[in-house]
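User: Could you take me through the sheet and the helix packing in this model?

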Amino acid sequence: MQKKCSFCDSIESNDNPLIAGENSYICANCIISAHKILFGEEQSEDAPKEYDNTLLIPSEIKSMLDDYVIGQDRAKKTLGVAVYNHYKRIFKNTQEGDTTIDKSNILLIGPTGSGKTLLAQTIAKFLNVPIAIADATNLTEAGYVGEDVENILTKLIQVADGDIKRAEQGIVFIDEVDKVARMGENRSITRDVSGEGVQQALLKIIEGAVVNIPPKGGRKHPNQDFIQIDTSNILFICGGAFDGLEDIIKRRLGGNTLGFTQDKRTKSDDENIIELVDSGDLVSFGLIPELIGRLHVISTLNEITRDDMVKILIEPKNSLVNQYQKLFDLDNVKLSFEKPALDMIAQKAIDKKTGARGLRSIMEEILLDTMYEAPSLENHEIIVTEDMVINGSEPKYIKNKISA
């Protein structure tokens, strides 16, 4: 009589041996399956996935952003409120009554390197929702070489590990959106038709609709299978530097009026002028009114000062100074920075007009020779000085500061 597994009736074989019990048998395959069920190592593809829908209130979101983004308090408050309201609408809205709560998409306006992308990335990380980041300069309207707008949604599904339902509650950050609003050298005469075409293509997915997208990205073509995704609950955050927008605002406010009676603008007026932006200014810049109407929350970010740049170097949990100190610590070398050196690193980033994202390349350039020597400098402390940052001189070396 052949022995069979008491659970699946499999016949004993070399590939699937049986273990005997009291009047019963269990095969190796059933043992493996039971182990996965008990210890959660595998989840059925058909089993529903559970996600943490715990809502952070606006003050908690801002506090979390404070740990990673320096300054920009107004923008962080605006994002905190907008994101909280968005997910409260999704998770707590019972759909009872006649009132329907529409979503509010966000437009971030601020200089390069002021933290627009980092704000979106940090929010998505702590809310445990998928986020897709796209560069608007790579997008083109149908018929042009480049990426279709729908490919943004393909990226979101990929980040969500193919889970459409989870992707439909994600965040899409579209950077450099001001670049598709660019017009010719004379803004009043010509318009970039290709850029306007991208804006038109963005309208449908941003407002909220069921969109057919290619499962693996790329261009659409006939006889192709599509994935359907509903964008009604996807939060869209658009960001851009909008160079030249200040001049448009000044013209609207009469800042360029000629005459002896004109009030002299102060430096602080010019620094805060971007906060006075309205939808008309964005239309003058080159965004189409329909797109502006779908970006309901407008928040501005200030240009980063030198003091803020120094704080960015040392204060965030994942600050650059902490990263490089950990890198050197792996070679049993202590890395320190004198305060004037940090000030000069910050000043270099400001001079290059790259914002905070330029700090890493500056640090790499300054520390290149030191990192080259670090493996042979065990038990040393290396101190980065102001002269090292300015003139490329040698750092200070102190021996036997680290215990072996």
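This is a predicted model: local features need pLDDT of at least 70, side-chain atom pairs count only at pLDDT 80 or more; totals for chains, interfaces and linings use all residues.

User: What is the strand order in the open sheet of 5 strands?

Analyst: The order is β4-β5-β8-β3-β9, and the pairing is parallel. β4 (131–135) and β9 (297–300) each have a single partner strand and stand at the edges, so one side of each lacks a neighbour in the sheet. From one strand to the next, the twist averages 20°.

User: How many bridges join β3 to β9?

Analyst: Strand β3 (residues 106–109) is joined to β9 by 4 bridges, and the two run parallel.

User: Which strands does helix α4 touch?

Analyst: Helix α4 (residues 116–127) packs on the sheet and touches β3, β4, β5 (171–175) and β8 (235–240). The direction of α4 makes about 170° with that of β5.

User: And where does α5 lie?

Analyst: Helix α5 (residues 151–159) lies across β4, β5 and β8, and runs at about 145° to β4.

User: Changing topic: at what angle do α13 and α15 pack?

Analyst: Helix α13 (residues 320–329) packs with helix α15 (residues 359–373) at an angle of about 25°, and their axes are 11 Å apart. The two are therefore roughly parallel, as the angle is under 35 degrees.

User: Is that crossing left-handed or right-handed?

Analyst: The crossing of α13 and α15 is right-handed.

User: Which residues make the contact?

Analyst: On α13 they include L320, Y324 and F328, and on α15 they include M363, L367 and M371. The residues of the contact of α13 with α15 divide into 9 nonpolar, 2 polar and 2 charged.

Notes:
Residues are numbered from 1 along each chain as its sequence is written. Side-chain values use heavy atoms; hydrogens and water are left out. Two strands pair if DSSP finds at least two bridges between them. Axes are lines fitted to C-alpha atoms, for helices over the stretch in contact, and angles run from 0 to 180 degrees between N-to-C directions. Contact means heavy atoms within 4.5 Å. Angles under 35 degrees count as roughly parallel, over 145 as roughly antiparallel, 65 to 115 as roughly perpendicular and the rest as oblique. A crossing is left-handed if the near helix is turned anticlockwise from the far one by less than a right angle, and right-handed if clockwise. Ala, Val, Leu, Ile, Met, Phe, Trp, Tyr, Cys and Pro count as nonpolar, Asp, Glu, Lys and Arg as charged, and the others, Gly among them, as polar.
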